[in-house]
Amino acid sequence: MSRATRSSFEDVPPESFDEDEREAEAEIPALDDAPEIDFDIDHGAVKVGTEIIRRFWSTLPSSPGVYRMFDHKGDVLYVGKAKNLKARVGSYARGQAHSNRIARMIAQTAAMEFVTTATETEALLLEANLIKQLKPRFNVLMRDDKSFPYILLTSDGPAPQIVKHRGARRRKGNYYGPFANVWAVNRTVNALQRAFLLRTCSDSYYENRTRPCLLFQIKRCSGPCTGEISSDDYVALSDNARAFLSGKSNAVKDRMREEMQAASENLEFERAARFRDRISALSAIQGTQGVNTQGVEEADVFALDEQAGQFCIEVFFFRNFQNWGNRAYFPKADRSMSAEEVLASFISQFYDDKPAPRVVLVSHAVEDAELVAAALSSRVDHRVEIHLPQRGERKNLVDYAKRNAKEALGRRLADTASQGKLLTALGQTLGLEKPPRRVEVYDNSHISGTNAVGGMIVAGPTGFMKTHYRTFNIKSEELTPGDDFGMMREVLTRRFKRLAKEAPRAAKEAEGAPATDPDAAPDEPETFPAWPDLVLIDGGAGQLEAVRGVLAEIGVTDVPLVGIAKGRDRDAGRETFFLPGRPPFKLPPRDPVLYFVQRLRDEAHRFAIGTHRARRKREMTKNPLDEIAGIGPTRKRALLHHFGTVKAIERAALEDLAKAPGVNAATARAVYDFFHANA
């Protein structure tokens, strides 16, 4: 076999398993005696796959673990967990009572690997981790597993700071979340700034202030950096913010109302007005939550909807009796899978890298709910409950999430249908043999040749495929500043050379493998083509010829190319289309295809400009100390705090550098040599 089993086999007494599991371990019938599988697939391939699985099954232990199934290329087909590996894998080797999906999976299996675990809970956690990492085609896949943003109220700096946070929680402080998106975090942080006047600046900026910044002037910060507020009063503000974010919002607002009333009675009307504005800011946070709860302090709500063989799972986040937003997910799952299966697998993957709340509300009964809850509880310091509510406020929340899931999936299906029609019309307009499934659009951005970048955006049947976007930092030193032709040549050369290396077209054509899986959803990651069916270039005949020459040198001659030149005065609607072997042409001003192409071009323009601006900003704010080996954030902060500016550090003598707190002789020498290398 191409892969060997990897397992620490341990015998487990038969009495430790249920009667059903011992029955599953009964002798598997010979293949010749097994009933024939009546599916529209290659029966011979199913028998071969079953025989391969039988060979692995014969040496498996009766213990919990995780198994992986591989095809002949070594790609992972499926990852599964089992309380009893021998019984679970044996179910595949019986050659009967399989769904079409399982039969296809067995037919493609060429090898298996196994990992035993101490408990079924550990197997479930490992399974979720491997699915997210390997993305097997026959598993339920989350698709979008980006980390969620949080609000962080620090406790390790000179004064508490409120910031948005994403990623590992290494910094000391209180974390509040998760929030559904960055927009919800920004809105909440802005309101908290107005309500509690907490700083958002970095520690290095804070420590080097000699007078209050603009945020103090517009009443978004209390100015602790320059002593505009006492340390005790600022700590009180941060404590109020923690209380509000911890769910004690009404108590905080009541205290503010009392202080506003007292200030008004003492004729301190300006102070009373400040409290009024702060109360208004807190009310704005609570008033834009959409769904408010009275009895649900901490919960995540998962609601699933299925239409046309596709699934949508809407997730709502409730913390401290507040709704902190929602997000729709569209997991990849075979249409033959039940809603319960999809929801159980999705929840396991969802909490693979984030803590679960005390309560998880679901719209469908989750398979192995107790096992999933135990696995989630093992990763946090509290008990997690998975609950399918039948009545009351919790049921109302689930119903509300289900309505949102149904609407989100309906919009997605409508958008997909519209996108498909536009791609078909685009293919007909450009004379393509079939509608393009992958459209790549390229654009450059620079200012007089500085910080030049190239951008590639990708559109497909479901719209913009942002996970496929790419940026290219222009590296060639031989280019004349502002040479757009040369930049485009470099971008296309790098793109298609790498593509030809990673996904050679000749190899695929020789294999005769189908481009898509007929049973797969149209936007599955593995079925989305790696090679473009159409390339759009922002430019006219000159740009098009430059691109043709580049692709011809690489040996790529069958990718359709189209140049789009802006009209007079760069007005939208007057674009001219350039195709090899055809005279230039324009489309009618109200042609939907023209609007579609404009959207593609504008998205490429937006992406390229945004990337260029981000790079330019990094260059402008770049600190020379970042380029010195051994100088991390702590030593950089110590040097800046001691000398004040980078210029002062550059002029400092070696002896003075060595006297800075936290700087040893070796570091002082490295800093001195860096600034005096050419002296």
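## Ground rules

A residue counts as buried under 20% relative accessible area, as exposed over 50%, and as partly exposed in between (1.4 Å probe, protein chains only). Phe317 has a relative accessible area of 0%, so Phe317 is buried.

This is a predicted model: local features need pLDDT of at least 70, side-chain atom pairs count only at pLDDT 80 or more, and totals for chains, interfaces and linings use all residues. Residues are numbered from 1 along each chain as its sequence is written, and side-chain values use heavy atoms, with hydrogens and water left out.

Strands of a sheet pair through backbone hydrogen bonds, either parallel or antiparallel. Here, three strands make an open sheet in the order 5-4-6, with antiparallel pairing. Strand 5 (162-165) and strand 6 (173-176) are the edge strands, and each pairs on one side only. From one strand to the next, the twist averages 30°. Helices (H or I, at least four residues) and strands (E, at least two) are DSSP runs, numbered from the N terminus. Two strands pair if DSSP finds at least two bridges between them.

Strand 4 (residues 150-154) and strand 6 run antiparallel and are joined by four bridges. Leu153 has Asn174 in strand 6 as its bridge partner.

## Helices across the sheet

Helix 6 (residues 182-196) lies across strand 4 and strand 5, at about 35° to strand 4. Helix 9 (residues 231-245) lies across strand 4 and strand 6, at about 150° to strand 4. Contact means heavy atoms within 4.5 Å. Axes are lines fitted to C-alpha atoms, for helices over the stretch in contact, and angles run from 0 to 180 degrees between N-to-C directions.

## Aromatic pairs

The structure holds 19 aromatic pairs. Rings of Phe, Tyr and Trp (its six-membered ring) pair if their centres lie within 6.5 Å; planes under 30 degrees apart are stacked, over 60 edge-to-face, and the rest tilted. Tyr67 and Tyr78 form a tilted pair, 6.1 Å centre to centre with 40° between the planes. Tyr67 lies in strand 1 (residues 65-70) and Tyr78 in strand 2 (residues 76-82), so this pair ties together parts eleven residues apart in sequence. Both Tyr67 and Tyr78 are buried.

Phe148 and Phe317 have ring centres 5.0 Å apart and planes at 70°, so they are edge-to-face. Phe148 lies in the loop between helix 5 (120-134) and strand 4, and Phe317 in strand 8 (residues 310-319), so the pair ties together parts 169 residues apart in sequence. Phe148 counts as buried, at 3% relative accessibility. Ring pairs link both into a cluster with Phe302, Tyr329, Phe346, Phe350 and Tyr351.
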